[in-house]
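Please keep the model open while you read these notes.

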Amino acid sequence: MDKFRIMVQFLQANQESFMNGICGIMALASAQMYSSFEFTCPCLPDYNYAYGIGILIVPPIWFFLLGYVLNNNISILTEEWKRPVGKRRKDPAVLRYMFSSMTQRALIAPAVWVAVTLMDGKSFLCAFSATTDLSEFLNESYQSMPKKELLKLQARIPCKDVFDGHEIISREAATRYIRCLSQACGWSFLMVITVAAFLIRAIRPCFTQAAFLKTKYWSHYIDTERKLFDETCKEHAKSFAKVCIQQYFESISGEIVPQLELPTKKGKGNKDEDGEKQKSDEEKLLGVRKEDDMNKVLWNWHTCKPALKLHKRAEDMNGHAHLDTLSLSDERYIPMKTTAAAYYSKV
């Protein structure tokens, strides 16, 4: 159980590595699913194309949507896009960066499925066997065959057990020809997506490196801020429930049996530990001790998030702490450097 907890904590701490692992698993799953898929072409002119193209397109769409579902950042992106502006403006560049990152990961499994399907050639053969020009493989004595009959015969080429026109057309030659076209399309598809990925990774930093670093930083900030806010809410809820239960039992015990209270002897160490625990729970409440106040805090966090402008805690002459606003854009703030000088005597 401890190993499982450590693994979960590691995956939560390394969100990017976790999502890359999920994308890799989905890519392997798509290839394994295709290998275990029982391909059954209907071998009818009216249904071959729909079935073959459906096998080529529908599963990639499902894998693409599944990639969004398994990505935790989709909820963060939606919340950031729909939230009110409040004191913090929304940067469209950050939203675009988050969306493009999710889209790139979600496209891995569909690309693997399309590549494997085209390399195998079964769906391509089923979809285009009836419409491909196979006059080169026809027997010369059947050149004047009606087009409708020829269409039905070509539609049965993917089905080895159903095809009965060996004397009219060479099934093996036609199958090899169509699969060759399918593999050519597969290699072209792989080349296109590889070149596109190379250009995106190699050329983009050359033009927008500063903007890229800015959007990457604030996208990480949004993700980290949400995690820390959720953790703080969990700690507050735990402390709130603990203090509420303690106060409930103390009030009930005082009302029911006030005359049966017996002096209990506790060691000094136990008293100190209980006091520290109670103090710790009180500190975790952060001053929010009512249901209405907590609801207001949560509502304000959604409707009006605080501005990204931190404060510096300083002490005045009397030793009291106060907050000084520290802004990077404030020209009056000049950091003072302390230098040390050493003097050497010639004596």
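1. Start with Tyr 49. Its relative accessible area is 47%, so Tyr 49 is partly exposed. Bear in mind that this is a predicted model.

2. Which residue does Tyr 49 pair with? The partner is Phe 128, and the pair is edge-to-face. The centres are 5.7 Å apart, with 85 degrees between the planes. The angle is over 60, and that is why the label is edge-to-face. Tyr 49 sits in helix α3 and Phe 128 in helix α7 (residues 122-128), so the pair ties together parts 79 residues apart in sequence.

3. Phe 128 has 25% relative accessibility, so Phe 128 also counts as partly exposed. Ring pairs join Tyr 49, Phe 124 and Phe 128 into a cluster.

4. Now look at Phe 137 and Tyr 177. Their ring centres are 5.6 Å apart and their planes stand at 50 degrees, so this pair is tilted. Phe 137 is in the loop between α7 and α8 (147-155), while Tyr 177 is in helix α9 (residues 171-256). The two are 40 residues apart. Tyr 177 is partly exposed, at 34% relative accessibility.

5. The count of aromatic pairs comes to 12.

6. Turn to helix packing. How do α3 (residues 48-69) and α5 (residues 92-106) pack? Their angle is about 135 degrees, and their axes are 8 Å apart. That makes α3 oblique to α5. Their crossing is right-handed.

7. Check the residues in this contact. From α3 come Phe 63, Phe 64, Gly 67 and Tyr 68. They meet Phe 99, Met 102, Thr 103 and Ala 106 of α5. By class, six residues are nonpolar, two are polar and none is charged.

Methods: Residues numbered from 1 in each chain as written. Predicted model: local features only at pLDDT ≥ 70, side-chain atom pairs only at ≥ 80, totals over all residues. Heavy atoms only, no water. Axes fitted to C-alpha atoms, helices over the stretch in contact; angles between N-to-C directions. Helix = DSSP H or I, 4+ residues; strand = E, 2+ residues; numbered from the N terminus. Parallel < 35°, antiparallel > 145°, perpendicular 65-115°, else oblique. Left-handed = near helix turned anticlockwise from the far one by under 90°. Contact = heavy atoms within 4.5 Å. Nonpolar A, V, L, I, M, F, W, Y, C, P; charged D, E, K, R; others polar. Phe/Tyr/Trp six-rings, centres within 6.5 Å; stacked < 30°, edge-to-face > 60°. Buried < 20%, exposed > 50% of the residue type's maximum accessible area, 1.4 Å probe, protein only.
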